[in-house]
Amino acid sequence: MARSAALAACVEAVLGSRSNANRVFELLELLAGQEEEEDILCAGRACSRLFGALLERRELFVGPLPAEEASLADNYSAEDKYKIWMRHRYKECVDCLAELMGHEAFQVKELSLCTLMKFVELEARYPLIRVEWKGSLTFPRDLLKVVVDGLLPLNEDASLLISRFQEYMEYDDIRYFVIRAVTESIGQVMQKTKERPLPFYQQNVFSLISPINMPSKESDMVKFLVKQDNWEELKVSKLQAHKQAFEKMWLSFLKHKLPAGLYKKVLVILHDSILPYMNEPTLMIDFLTLAYGIGGAISLLALNGLFILIHQHNLEYPDFYKKLYSLLDPSVYHVKYRARFFHLLDLFLSSSHLPAYLVAAFIKRLSRLALTAPPEALLMVVPFICNLFRRHPSCKVLVHRPNGPEDISEDPYIMEEEEPSKSRALESSLWEIKTLQSHYHPEVAKAAAILNQSLSEIEDDISGLLELSAYELFDKEVKKKVTDVPLEFEQVRGLFGKKNDVFAEHFSLD
């Protein structure tokens, strides 16, 4: 408490008389020293009040800052010499606060962040940049870059501090200049790594840029921290410039190799939060192609991104269904992302204009893999296959082929063929589904038997089956109420088929 009062008196003394200007060093020494956390917080608050007031009173030098020694020359007035000297003290304060954004105590980090952002706002209102011509931008981009660099440390997770910063991203001008600062930071940091991922840094970048809420139209851009007189003429007021900066930022981020966990996070938000705000979404094809090669759920999500580019942005990608077909392996019925896989597979195969040979290849491979699938997956895939028959009636030849193959030894279908058009699926039949009609689980056998009948035109809703688990299936069976279970064809009349009185006659105790 005494420390806080002493610092408050120091601030009042410096603001009250220029003869007390040297007392500013009391604040800066405390701010820069290895003091107790509470002392640093008190010094930070005092510096915030002092330099905030000096900015508002325009008592800091405006324009390119001369070296401190050069300002002692006779060509500067006493007023300018004071302002130059105090501007250097302000710079020292900013440097200390930037360093404190990496302090171990979160309260210190938070205070440093909020103080720097206060200075950003004040410098935007009372610029330290001299206006040379009408189109000059006076926004303190360099100071904001200091903040962004503090939010993106290389060796620690800064997600908590970044979440505190997100409130400032609601301002259109702050968001625009943060986007540009992030792009610059990525270029400076990642070029030194020789394509080696920096997990903490890249995760911090993602934490900062993934929640960005871009405006959809120029009329939505109404919230600015500050507006210059010539605001309408500057890029920061144009939606097109925002989209260009946004696109450049994401492309610069994604052109470098990411930690494995980040690929999935990026792909999940790609279609909602990134592609709609890019001027040329098809530029994402390199990233999506690279992500596909990683395998598993990431490959599937990458195909989802490619599917959006194909259907919404006219991307030519002839190998799409070949790549999708190659993802069908025995694991698809067992992986934890099975529900998402089949949801997207259903979406990809929803068009009725797909060629019959292609759909038949998918039906055959799904059916073959179903022979080793668990019951909960089979209860989903059988209706899935039935829906494909409804969309593509020409594939029903797989069901209605009387002299078709009855097992794998006679089947012309080539399971190992990577090209669907060469798999000979249309020459085959669905003996695999016929086999499932003898499955040990009665519900599976019942579901497979539906192909013995003519299918209705209305598709089955499989959304409720995508998440079906073995536990739910078992629980459902256990809770079934069973009454009057038949155990014998004829009622038992005696131990050996004779009447009980015959048994009693031979073994009577009388």
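Me: How many salt bridges does the structure hold?
Reply: The model is a predicted one. A salt bridge is counted where a side-chain nitrogen of Lys or Arg lies within 4 Å of a carboxyl oxygen of Asp or Glu. The number of salt bridges in the structure is 25.

Me: Which residue forms a salt bridge with Arg164?
Reply: The closest N and O atoms of this pair are 2.7 Å apart. The pair links distant parts of the chain, 54 residues apart, with Arg164 in helix α7 (residues 159-165) and its partner in helix α5 (residues 106-125). The partner is Glu110.

Me: Are Lys364 and Asp411, which meet in a salt bridge, buried or exposed?
Reply: The N to O distance in this salt bridge is 2.8 Å. Lys364 lies in helix α16 (residues 356-370) and Asp411 in the loop between α17 (375-391) and α18 (431-436), so the pair ties together parts that are 47 residues apart in sequence. Residues under 20% relative accessible area count as buried. Lys364 has 0% relative accessibility and Asp411 has 10%, so each of them is buried.

Me: Which residues are joined with Lys364 and Asp411 into one network?
Reply: The side chains of Lys364 and Asp411 meet in a salt bridge. Salt bridges that share partners extend this into one network, in which Lys364 and Asp411 are joined by Arg368 and Glu432.

Me: What is the N to O distance in the salt bridge of Lys217 and Asp220?
Reply: Lys217 is partly exposed, with a relative accessible area of 46%. Asp220 is also partly exposed, at 35%. Their side chains meet in a salt bridge with an N to O distance of 3.5 Å.

Me: How many aromatic pairs does the count come to?
Reply: Rings of Phe, Tyr and Trp pair if their centres lie within 6.5 Å. By this rule the count comes to 19.

Me: What is the angle between the planes of Phe246 and Trp250?
Reply: Being 4 residues apart in helix α10, Phe246 and Trp250 are separated by about one helical turn. Phe246 is buried at a relative accessible area of 0%, and Trp250 is buried at 1%. The rings form an edge-to-face pair, 6.5 Å centre to centre, with an angle between the planes of 70 degrees.

Me: What is the centre to centre distance of the aromatic pair Phe320 and Phe348?
Reply: Phe320 lies in helix α14 (residues 320-326) and Phe348 in helix α15 (residues 338-348), 28 residues apart, and the pair links distant parts of the chain. Both residues are buried. The pair is edge-to-face, with 85 degrees between the planes and a centre to centre distance of 5.2 Å.

Me: Over the ring of which residue does the charged end of Arg365 sit?
Reply: A charge of this kind is counted if CZ of Arg is within 6 Å of the ring centre and within 35 degrees of the ring normal. For Arg365 the charged end is 4.1 Å from the ring centre, and the ring is that of Tyr325.

Me: Why does the end-to-end distance of helix α11 agree with its number of residues?
Reply: Helix α11 (residues 260-274) has 15 residues, and at 1.5 Å a residue they should span 21 Å. Helix α11 also bends by about 35 degrees at Val268.

Me: Which helices are included in what covers the buried residues of α11?
Reply: The buried residues of α11 are Leu262, Tyr263, Val266, Leu267, Ile269, Leu270 and Ile274. Contact here means heavy atoms within 4.5 Å. The cover includes α9 (199-209), α10 (239-254), α12 (285-292) and α13 (296-313).

Me: Which residues does Gln166 touch, not counting residues up to four places away in sequence?
Reply: Gln166 is placed in the loop between α7 and α8 (172-190). At 18% relative accessibility, Gln166 counts as buried. With residues up to four places away in sequence not counted, Gln166 touches Ser207, Leu208 and Pro211.

Methods. Residues are numbered from 1 along each chain as its sequence is written. This is a predicted model: local features need pLDDT of at least 70, side-chain atom pairs count only at pLDDT 80 or more; totals for chains, interfaces and linings use all residues. Side-chain values use heavy atoms; hydrogens and water are left out. Helices (H or I, at least four residues) and strands (E, at least two) are DSSP runs, numbered from the N terminus. The expected span of a helix is 1.5 Å times one less than its number of residues. The bend at a residue is the angle between axes fitted to the seven residues ending there and the seven starting there. Buried means under 20% relative accessible area, exposed over 50%, partly exposed in between (1.4 Å probe, protein chains only). Rings of Phe, Tyr and Trp (its six-membered ring) pair if their centres lie within 6.5 Å; planes under 30 degrees apart count as stacked, over 60 as edge-to-face and the rest as tilted.
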